[in-house]
Structure formats: structure tokens, C-alpha cells
Amino acid sequence: MLRSNEAETEKDIIENEFLTLTRKFIASGLKCNDIQKALQKEGKKRKHFKSKALGIILVVNAILYECGVFHCIVNYAIGIRCLIPNNYFVWEATRPVSDCSYCLKVAKPIVLPNLTQEEFAKYAYSSKPLVIKGAFLHWPALNRFDYYFFKELYESVEGSFESVDQECQFLHFKSDFISIRDIFSMHEDRVRNLPGQKSWYVGWGNCHPKVLEKMRKYYEIPHFLPEDCELSSKEYVFMGYDAGATLHLDFINRLMWQAQLKGSKTWYLSPTPECEDVCSSFSFLVEPGDAVLVDTRIWYHGTTVKPGDFSLSIQSEYG
Ligand SMILES: [Fe+2]
């Protein structure tokens, strides 16, 4: 058995080597998605790859978790900290292999007009990408929500910032922000994305009861969702400019709904790598007031905001 100072040295060596590899990996322009795809493709080729990969990943993950390294690497590399905590690679490598029926002959979303609960019932659990045009045009949030609404809200509710850091999630994507405090303390020119300013796009979960209570005065549970569906206890806000969210899978328990409230956003969907030979990637545009429903657990998804637009959306889950 290693003595404690020897163990420390071993740990430092492993940590330094992994950090060096990670820096090279990020500097090369690769994304975590590239590793995920490589893992999945190898999994198709070699029957026992997953168990071998899992063994290696579990060991590396355990070491890095112990060192507190994995969290910051994942945070830095893909911009998703707590939604995808310390086990992102393990989840990706161990998720069930898709049977591809969810994406066969799907080359665009089903676009529907605003509809009732009864009309929506047949689509509710289909896992097909859906856009419901104008579904939320009646929400007061459409006009009321902007950067300043959330700045004022967070600055007025005691413990709201801490709730995001400690109980909820902050997603910095490609921005240089590391916490929700950075969002609400940035210079006015950057808030407005004026020329010369670095553009930004972030998301965060809202789980402070008072924050949720004040937000929910301006919107309701989507009227078309099944009466008896299970709902999440929190809602996410996504806002910003340009690049949007990088391509990823969500490791969540239910289906996702998103309300596009400000700006126009393009969604990019890609099937899981094991289905790439039989399914297609595609993109579609959503506009203010539209609902987007995607099974983000099986569709890789990313977004970009229309140049010049400020995008703001609310997202949650149902199942
Ligand atoms: Fe997502």
C-alpha cells in the first residue's frame, strides 16, 4: 500500500498528466461530443468495448472525482456544470444504445398550430420533435421577461444566487462566466452586445421558491400538456446572443418543453452516433411565442441565435 505522501505524489502525477491532455484536447478545437461519438462508434465495432471503456472511465472518474478535477474539466470543456456533473462520460458511455426507431424517417420537426390538450394528446409521448407555433403568445412573460427582469429578481431575493450555485445549475456554454453573479454584474455594453463586446449565452436552473413564485406570475404550465403528466419543480432560463448551446444530450428524467419568448433561434438536432447511418441531422427555426418539444435525452441538440437578436427562453420537463 502507498504511504500517504507517495499516494499524494501519484495523485499529482495523474492529475497533471490528465490536465495536460485536457488542455491539448481543448486547444485542438475538439469538443466533448467528439469523444462521446468516438466512444459510441467504438462501442458498435467492438462488442466488449463498453465494459472495458466503463472500467477505465470508472477508474479515471473515481481518481478525478477524488482530486476535484473532473468537475472543472467538464465545466470548462462543455460549459455544462451541474446538469452534467462529475459523471458525464460515464453516463454517455453507459447510456442504453438507441434502437433508432425514434429517428427513422424524421428529417424535420412536426410543426403544429396552437392546439388544445386533447389535440396534443397523440403527440405528447411520441418523442418526435415538435414545434407548436404561437403557443405562448398569450403569456405576459413574452413582454415582461428580459435581462433586467431577472437581474432585479435575483438582486431582490435573499439567497437566490446561492440557490443556483448550491442546489440548482448554471450553464455557461461558450461564455467566460463562471456563476450567475457574473451575468448580473456585467457592463451595460456587454449586456446589450454592443460592437466590440464579447457575445454571451448562458442558462441556469431556478429552484429558489421565491424566485419561482415571482417568475410564475408571468407564465403558466403549458396548456397543451397532459392533465396528469408529471412536472419538474424548477424551470430553466436560457438567454444571450449568437452561439447558443453547443451540441449535447441531456441526462434528465423526462421530456423537455421550451418556450421561446424573445428572439429567433435555430435548433440543430442529430441522432445518436449509433443511428447516424439510418437517420438524419436537421435544423429548424423557432420564433417568439413558439413551443419546442424534443426528447433531448436521445436527440443531440444545440442552438444558435439569429444574428442581432437577443434570445430568451424558459424550459422545463414533463413526463
Ligand atoms: Fe440540453
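Biologist: Which residue in S9 is the bridge partner of Leu-130?

Modeller: Start with the general idea. Strands of a sheet pair through backbone hydrogen bonds, either parallel or antiparallel. Two strands count as paired if DSSP finds at least two bridges between them. Here, the bridge partner of Leu-130 in S9 is Leu-293. Strand S2 (residues 130-132) and S9 are joined by three bridges and run antiparallel.

Biologist: What should I know about the model and its numbering?

Modeller: This is a predicted model, where local features need pLDDT of at least 70 and side-chain atom pairs count only at pLDDT 80 or more, while totals for chains, interfaces and linings use all residues. Residues are numbered from 1 along each chain as its sequence is written, and side-chain values use heavy atoms, with hydrogens and water left out.

Biologist: How many helices and strands are in the chain?

Modeller: Both are DSSP runs, numbered from the N terminus: helices are H or I, at least four residues, and strands are E, at least two. The chain has 12 helices and 11 strands.

Biologist: Which strand pairs with S9 over four bridges?

Modeller: Strand S6 (residues 255-262) does, in the antiparallel sense. Trp-257 stands opposite Leu-293 in S9.

Biologist: Which way do the residues of S9 point?

Modeller: In a regular strand the side chains alternate between the two faces of the sheet. In strand S9 (residues 291-294), Ala-291 and Leu-293 point one way, and Val-292 and Val-294 the other way. All are buried. Buried means under 20% relative accessible area, exposed over 50%, and partly exposed in between (1.4 Å probe, protein chains only). Of the 319 residues in the chain, 50% are buried.

Biologist: What is the strand order of the open sheet?

Modeller: Its eight strands follow the order S1-S2-S9-S6-S11-S5-S4-S3, with mixed pairing. Strands S1 (110-112) and S3 (170-171) stand at the edges with a single partner strand each, so one side of each has no neighbour in the sheet. S3 is joined to strand S4 (residues 201-206) by two bridges, and the two run antiparallel. Phe-170 stands opposite Trp-204 in S4.

Biologist: Which residues touch the most other members of the largest nonpolar core?

Modeller: A nonpolar core is a set of buried Ala, Val, Leu, Ile, Met, Phe, Trp, Tyr and Cys residues joined through side-chain atoms within 4.5 Å. The largest has 50 residues. Those touching the most other members are Phe-120, Phe-145, Phe-150, Phe-184, Trp-204, Phe-224 and Leu-293. H8 gives the most to this core, with five residues. Apart from this core lies another of 17 residues, among them Val-131 and Val-292.

Biologist: Which atoms are the protein donors of the iron ion?

Modeller: Donors are N, O and S atoms within 2.8 Å of the metal (3.2 Å for Na, K and Ca); water is not among the atoms, so sites may look incomplete. Here they are His-248 (NE2), two OD atoms of Asp-250, and His-301 (NE2), lying 2.1 to 2.7 Å from the iron ion. The donor residues are spaced H-x1-D-x50-H in sequence. His-248 is buried, at 7% relative accessibility, and Asp-250 is buried at 4%.
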